[in-house]
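This briefing goes through a structure one topic at a time. Please look at the sequence and the 3D view before reading the points below.

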Amino acid sequence: MARGIGTKCIHLEETEGQTTHYGAISYPIYQTATYAHPAVGESTGYDYSRLQNPTRAQLERVMASLENGVDALALSSGMAAISLLMELFAPNDHLIIDADLYGGSIRLFEHVSKKNGIQFSRVDCWREDVEQFINDRTKAVYIETPTNPMMNVTNIAKVANITKKHNILLIVDNTFLSPYFQNPLDLGADIVVHSGTKYLGGHNDTLAGFLVTNRTDLSERLRFLIKTTGAGLAPLDSWLILRGIKTLGIRMEKAQANAIRIAKWLKEQKSVIKVIYPALPEHPGYDIMKQQARGFGAMLTVQVESKEFALAVLERVRMIKYAESLGGVETLITYPATQTHADVPAEIRERNGITESTLRLSVGIEDAEDLLDELGKAFKATKAVNGIKYD
Ligand SMILES: *Cc1c(COP(=O)(O)O)cnc(C)c1O
């Protein structure tokens, strides 16, 4: 029987029954840069930690197992992973990228990849016909689903049919749902990207990134690139992410349950114009999410009545922290216009619907009652400040 994803976060089937490392239950941290060779022309399998390190290798096996890939590479951050990925492409190559992406990815594509001669078409992959943007130089389609922060949902299998027909790559940034809720390789993607800093690490304490593939040819090319460019994840950080992954399942379930409660509460507030969360049946991506994912995640975006109201909420939260990032045990609130998406050109931001009254919540695993109490106070006090009557 195939194991459940929650079990796979804790146990690696391929190493089961082994009693190496003195039986240590927690995988050891191999804090070493280099390795002695047993004899001339021989190797233990490990030569130098830029190429391979046992702790990083263990994490990579776990990630490959969670995403049903043949190989996973662990890098020093999500952006290091995406930067490495871009080394697969050469000047004059063309990529189709989703119009709504993580701000750092947009910055990389706009300011670094373009300088290197790579061309991009920005497409709303969830509603536009991706195929019509493919030309004879197109090498890949790059998407997130749900997107950050507008939570647009793209049908992965549908786009995969198109990329396979044209023999180009489908790359999916799966950070928002984590492998616990969604496995893009199973739906036809060729490479999955993760910011391990988010749900995988889960504690807002470590940066990490991943590239996972189910194609051995891509694995070989990426392995050559990681040893050449050198952004592999350090041993201690690999261990911290390994530890984080063990509780991925219960964290995702609890964060999602909290997010559903908060979304329902927000919908009842007069000062809220719109709650954008794919677990709400009115969300345009709800049915696709039900088909292609095992859950909806815990990221939600709210349009409030005004910029002043949004800023006042940010001023008033205490336990909920006004901070960038997401996916940790702590609930965080973000103001995309000046934080995560500040470097995204204003016209792109507006086109995507990111306004000065947009707030993004990364719901954590605190007690739901305390989160609702905190939000209730922030929203009420804000109303008083704005001279609007209490409910
Ligand atoms: C945070 C994030 C990244 C970048 O990852 P870092 O670990 O911060 O470098 C990429 N994609 C998404 C969706 C993210 O949320």
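In this predicted model, seven strands make up an open sheet of mixed pairing, ordered 1-7-6-5-4-2-3. The edges are taken by strand 1 (71–75) and strand 3; each has a single partner strand, so one side of each has no neighbour in the sheet. From one strand to the next, the twist averages 20°.

**Strands 1 and 7**
- Strand 1 and strand 7 (residues 209–213) run antiparallel and are joined by five bridges.
- Opposite A74 stands F210 in strand 7.

**Helices on the sheet**
- Helix 2 (residues 54–66) packs on the sheet and touches strand 1, strand 6 (191–195) and strand 7.
- The direction of helix 2 makes about 130° with that of strand 1.
- Helix 3 also packs on the sheet, where it touches strand 1, strand 2, strand 3, strand 4, strand 5 (169–173), strand 6 and strand 7.
- The direction of helix 3 makes about 45° with that of strand 7.

**Helix 4**
- Helix 4 (residues 103–113) has buried residues, among them G103, I106, L108 and F109.
- The cover over the buried residues of helix 4 includes helix 3 (78–86), strand 2 (94–98), strand 3 (119–123) and strand 4 (138–144).

**Residue G244**
- G244 belongs to helix 8 (residues 235–246).
- Is G244 buried or exposed? G244 is buried, because its relative accessible area is 1%, and buried means under 20%.
- Beyond its neighbours within four places in sequence, G244 is in contact with L200, G201, H203 and R251.
- G244 and G201 lie 43 residues apart in sequence, yet 4.5 Å apart in space, C-alpha to C-alpha.

Terms used. Residues numbered from 1 in each chain as written. Predicted model: local features only at pLDDT ≥ 70, side-chain atom pairs only at ≥ 80, totals over all residues. Heavy atoms only, no water. Helix = DSSP H or I, 4+ residues; strand = E, 2+ residues; numbered from the N terminus. Buried < 20%, exposed > 50% of the residue type's maximum accessible area, 1.4 Å probe, protein only. Contact = heavy atoms within 4.5 Å. Pairing = 2+ DSSP bridges. Axes fitted to C-alpha atoms, helices over the stretch in contact; angles between N-to-C directions.
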